[in-house]
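Reader: I have a model open and would like to go through it with you. Can we start with a sheet and then move on to the interface?

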2 protein chains.
Amino acid sequence: MPAERRSHPVTLADVARRAGVSQSTASRVLNGSERTVGGELAQRVLAAADELRYSANVQAQAVARGTTTNLALLVSDIATDYFSSMTAAVMSAAELAGLRVTIAITERRLEREIELVRDLRGQHARAIVLAESGTRSREGVERLQDELEGYEAAGGKVVVVSRTTMPFDFVDLDNFGGARRLAVALTRLGYKRFHVLGGDEGLVTTRERIEGFRDGLAERGLELPDSAITFSDFSWEGAFGAVGALDDAVLSNTQALFALNDEMALGAIAGLRNRGMRVPDDIALAGFDDIRTLRNVVPGLTTVRVPTAQVGRAVVELIAGGAQSPTTVPATVVIRESTPRLN
Amino acid sequence: MPAERRSHPVTLADVARRAGVSQSTASRVLNGSERTVGGELAQRVLAAADELRYSANVQAQAVARGTTTNLALLVSDIATDYFSSMTAAVMSAAELAGLRVTIAITERRLEREIELVRDLRGQHARAIVLAESGTRSREGVERLQDELEGYEAAGGKVVVVSRTTMPFDFVDLDNFGGARRLAVALTRLGYKRFHVLGGDEGLVTTRERIEGFRDGLAERGLELPDSAITFSDFSWEGAFGAVGALDDAVLSNTQALFALNDEMALGAIAGLRNRGMRVPDDIALAGFDDIRTLRNVVPGLTTVRVPTAQVGRAVVELIAGGAQSPTTVPATVVIRESTPRLN
DNA sequence: TTGAAAGCGCTAACAT
DNA sequence: ATGTTAGCGCTTTCAA
């Protein structure tokens, strides 16, 4: 029966004492990668640890070892389908690699990002994963990059989700190819006149998806003039507002709308409904990402699926598996009822 | 210009040396709650820290202090509207209190939960917040509770979101009252014959929402027989399946369906559609939670709003603000088009 | 194989 | 007010 101890945390020393061995031995048994195993002393240690309900003090280990097994995930937001699913994906992949994940929400604020990165350096996080969607000024990028380089110099690893101009490893989503194939698919269904609801202008993702779409149209002999693009930002509200502000003339001359992500597409549906237009009866609509909530949307939304689970795995591979950057993750077109064949 | 140093982490000692003061002084300036402020030495230290881009090693601090400022949030799942919004709420409230949040996903697996709690004890997490929705056997509850009590004995604090039979502080969501008021509101709209789509049987939340609903009906002279409840679990798929398996007779005799959460309500809509029934034309429907994605649903879903932001604040208050347990968070009925007035 | 001892970066008495 | 000196719990040389 538990006789003496105060309920204070059980330390390695306690275990060692109880097992009648030295602390180093206990340490070796309990953690030190099985090296120089203690024949049957090991059993004693294990038993003692179990009886005492020992649980290693991770912070102390980190201090002694000089490294942690923590991965920090920086997202701009978490109450969003896309990011929460990305988060889940990274977490589950990380766990398999024995990495713990800390999530930090940047709220798209640069100062906050920089501060976070600096903190993370202090925390000896093993890696920082940037999966954001905010726009940054040139000067902002520089400052952030500077801080991140400081972090890498201190031994950390930075991985960016989505192509980046910063000198870090990244997982490349096939935004260009996905959008390109979507354009081709839509034209094959008979669509000829498009309007694009753009996300944050200046963001790589925005650019790639637009360029890809344009390229696909070009392949089919069609053009996408700049006037056929309305920028807002990658949010439901953004698209809702953009659609609300669209010219009647423009709208009635458009056969299909391409929202640069699903969240926007859903906002667009609401915005259109507000103007008395229905999808696809009055206008067709396609999105990008294939977020989970699409299963609740009727009629089904045509989109380009980004396999977040794969992205998560790719990220972790880059960190722990020694994979080469960039890794490219495919994007596949999914045609649903929001873009019926035009006759 | 940065002349000498290797790019190894800058330590407090480095800063102290550079500022020409002792390490303790540096420590006091940089962290030690402003006590015994160093007149203008402080400036030197601050400057040195800045030049060297010093960032405190949090793990070392934790070891030395014996406590951390980490809060661990245990959720069963994160790729779900309800949990991601709860997560966001807790994180934002925690940040205000200077707490860092680590998210752990339990996948509703008991063994995993227990292991996590043990780890968290080793990590000296300051608090563990349980915001889950899994069912547990009596023996499971005992083992988990045991581990959690060990954690509290070691100095941690446990807070449960939702009423619990375990001896820990909790934030009480007004499930009973919300459901009760919903029942009253629906009967006032003319509904008399209901069917309930229950979540995980045996879960407190399930029980409370059903009891509340029943109570509300009773108040209006109506009954809810057990035969009018179909249990599945708190998921889209669960409700989808349950609706699919419902008797035609039952369905045609039901005027309104009450799904115990919105996720289920959305699954029910899909299930009903599958059977050729539409909401609210063929049957009315109400949910619970008021998750974000409801804005994408047409017709709007009647539901009971759970203010997650408030829950988040309440949780943190319990941890850092010395609030009394339990704190009760209200739930308010929101009537939308899925339950039109019956005439 | 096992143990003794030094040290990881930091804080907190305890002097001064 | 500032510096000295022990630790915090753990890992890891280095001897034995």
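Reader: How many bridges join strand β6 of chain A to strand β8 of chain A, and which way do they run?

Author: Four bridges join β6(A), residues 194–198, to β8(A), residues 256–259, and the two strands run parallel. Helices (H or I, at least four residues) and strands (E, at least two) are DSSP runs, numbered from the N terminus. This is a predicted model, where local features need pLDDT of at least 70 and side-chain atom pairs count only at pLDDT 80 or more, while totals for chains, interfaces and linings use all residues. Residues are numbered from 1 along each chain as its sequence is written, chains are lettered from A and ligands numbered from 1 in the order in which they are written, and side-chain values use heavy atoms, with hydrogens and water left out.

Reader: What is the bridge partner of L197(A) in β8(A)?

Author: A259(A).

Reader: What order do the strands of the sheet take?

Author: The order is β7-β6-β8-β9 in chain A, an open sheet of four strands with parallel pairing. Two strands pair if DSSP finds at least two bridges between them. At the edges are β7 (229–231) and β9 (284–286) of chain A, each pairing on one side only. From one strand to the next, the twist averages 20°.

Reader: Which strands does helix α12 of chain A lie across?

Author: Helix α12(A), residues 262–274, lies across β6, β8 and β9 of chain A, and runs at about 155° to β9(A). Axes are lines fitted to C-alpha atoms, for helices over the stretch in contact, and angles run from 0 to 180 degrees between N-to-C directions.

Reader: Now chain B. Where is E263(B) found, and is it buried or exposed?

Author: E263(B) is in helix α12 of chain B, residues 262–274.

Reader: What does E263(B) touch?

Author: Leaving out residues up to four places away in sequence, E263(B) touches R295(A), T80(B), D81(B), S235(B), W236(B) and I291(B). Contact means heavy atoms within 4.5 Å.

Reader: What do the side chains of R295(A) and E263(B) meet in?

Author: A salt bridge, 3.1 Å from N to O. The rule is a side-chain nitrogen of Lys or Arg within 4 Å of a carboxyl oxygen of Asp or Glu.

Reader: How many salt bridges are there across the interface of chain B and chain A?

Author: Twelve. Of the elements of chain B, α5(B) gives the largest share of the side that touches chain A, six residues.

Reader: And how many residues are in contact?

Author: 48 residues of chain B are in contact with 48 of chain A.
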